[in-house]
Amino acid sequence: MAKPILYIVIPCYNEETVLPITGLMFLEKLHELMQNGKISDESRVLFVNDGSKDGTWAQILRLRETDVHAQGLKLSRNRGHQNALLAGLMTAKDYADITISIDCDGQDDINAMDEMIKEYQDGAEVVYGVRASRETDTFFKRTTAQGFYKILEIFGAEVVYNHADYRLMSKRALEGLARFKEVNLFLRGLIPLVGFKSSSVYYDRHERIAGESHYPLSKMLHLAFDGITSLSVRPLKMITGFGFLISLISLLAVLIVVVIKLFGYTVQGWTSLLCVIFLLGGIQIFCLGVIGEYIGKIYAESKGRPRYIIDKNTLEETETDEKDS
């Protein structure tokens, strides 16, 4: 069996502090895999600069100058983690047999790549990197992260529990992913929809080596809501069911008021009436907001705007240099 060409795809946004450390780690791991005969010498580490405002791109170019196996992709502007990752995967698809996507912060165990490649050789087209535990997280981070996956499950978004974006994908799986054209990306939910044989590799996550996390609670909530509305219409069905329930309760309340009136009792209490009005008004506004979110996504999809635009691609520059020489 021929050695597969591996591209390690790493989205980077304002990673000037951590990249000089983790960049070398990824390259060392790539060389280790090549020396052990697990992957081809044509394998590369592809860093994707997602419109960083610091010296991230300069750091990527420095890594490329010191090691030909380091390559870079520069987007024209910041497009967000999911679009940056997709740009890297779709670019690598034309060069690699397999890709492994991983974050730049060094928290994911790079040694799990050995087991991922083994699973691929055993027939898996997609291999998910799954956290074995969350012991290194704070109580708040652990609670909110677990809530994140439970909310996605409740609202019908199919995801792998405790899996982020650390995964191996074969060329065949990447070609399947390329057929999904939606602008609103939630790769954790899209990739299970691709199908093909999959497996999981479990690993322990470390503390961030340097810099600060780019995923605070606000972004986690936004990501969860984006995932739900991109992959499931269950919220709309829940609104319909909730509206039907409120209608039944309202009908029952009307019957009770009519019966009380017939027996000669007077109903008093503007406070309770106003509370009911405010409650129903708030529910209606919330439901309209959820519906509006779906309409907004339809509007964005109908425009057909590009999900990313590549400014510079060092892989193409390398090919040009090789042809000239």
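Both Tyr166 and Tyr203 are buried, where buried means under 20% relative accessible area, exposed means over 50%, and partly exposed covers what lies in between (1.4 Å probe, protein chains only). The model is a predicted one, in which local features need pLDDT of at least 70 and side-chain atom pairs count only at pLDDT 80 or more, while totals for chains, interfaces and linings use all residues. Residues are numbered from 1 along each chain as its sequence is written, and side-chain values use heavy atoms, with hydrogens and water left out.

A pair of aromatic rings is described by the distance of the centres and the angle of the planes. Here, rings of Phe, Tyr and Trp (its six-membered ring) pair if their centres lie within 6.5 Å; planes under 30 degrees apart count as stacked, over 60 as edge-to-face and the rest as tilted. The count by this rule is 2 aromatic pairs. Tyr7 and Tyr95 make a stacked pair, with 6.0 Å from centre to centre and 15° between the planes. This pair links distant parts of the chain, since Tyr7 is in strand 1 and Tyr95 is in the loop between helix 3 and strand 4, 88 residues apart. Helices (H or I, at least four residues) and strands (E, at least two) are DSSP runs, numbered from the N terminus. Tyr7 is buried at 4% relative accessible area, whereas Tyr95, at 24%, counts as partly exposed. Tyr166 and Tyr203 form an edge-to-face pair, 5.2 Å centre to centre with 80° between the planes. Tyr166 lies in strand 6 and Tyr203 in strand 7, so this pair ties together parts that are 37 residues apart in sequence.

In strand 7, Tyr203 is the bridge partner of Arg131. Strand 5 (residues 126-131) and strand 7 run parallel and are joined by 6 bridges; two strands pair if DSSP finds at least two bridges between them. The whole open sheet has 8 strands in the order 7-5-6-4-1-2-3-8, with mixed pairing. Its edge strands, each pairing on one side only, are strand 7 (198-203) and strand 8 (310-313).

Next come the nonpolar cores, each a set of buried Ala, Val, Leu, Ile, Met, Phe, Trp, Tyr and Cys residues joined through side-chain atoms within 4.5 Å. The largest nonpolar core has 34 residues, and Leu6, Ile10 and Phe47 have the most contacts inside it. Helix 1 provides the largest share of this core, 6 residues. Leaving aside neighbours within four places in sequence, Phe47 is in contact with residues including Ile10, Cys12, Phe26 and Leu73, contact meaning heavy atoms within 4.5 Å.

Finally, how many disulfides does the structure hold? The structure holds 0 disulfides, a disulfide being a pair of cysteine sulfur atoms within 2.5 Å. The sulfur of Cys12 has its closest cysteine sulfur in Cys104, at 3.9 Å, which is too far for a bond. Cys12 is buried at 1% relative accessibility, and Cys104 is buried with a relative accessible area of 1%.
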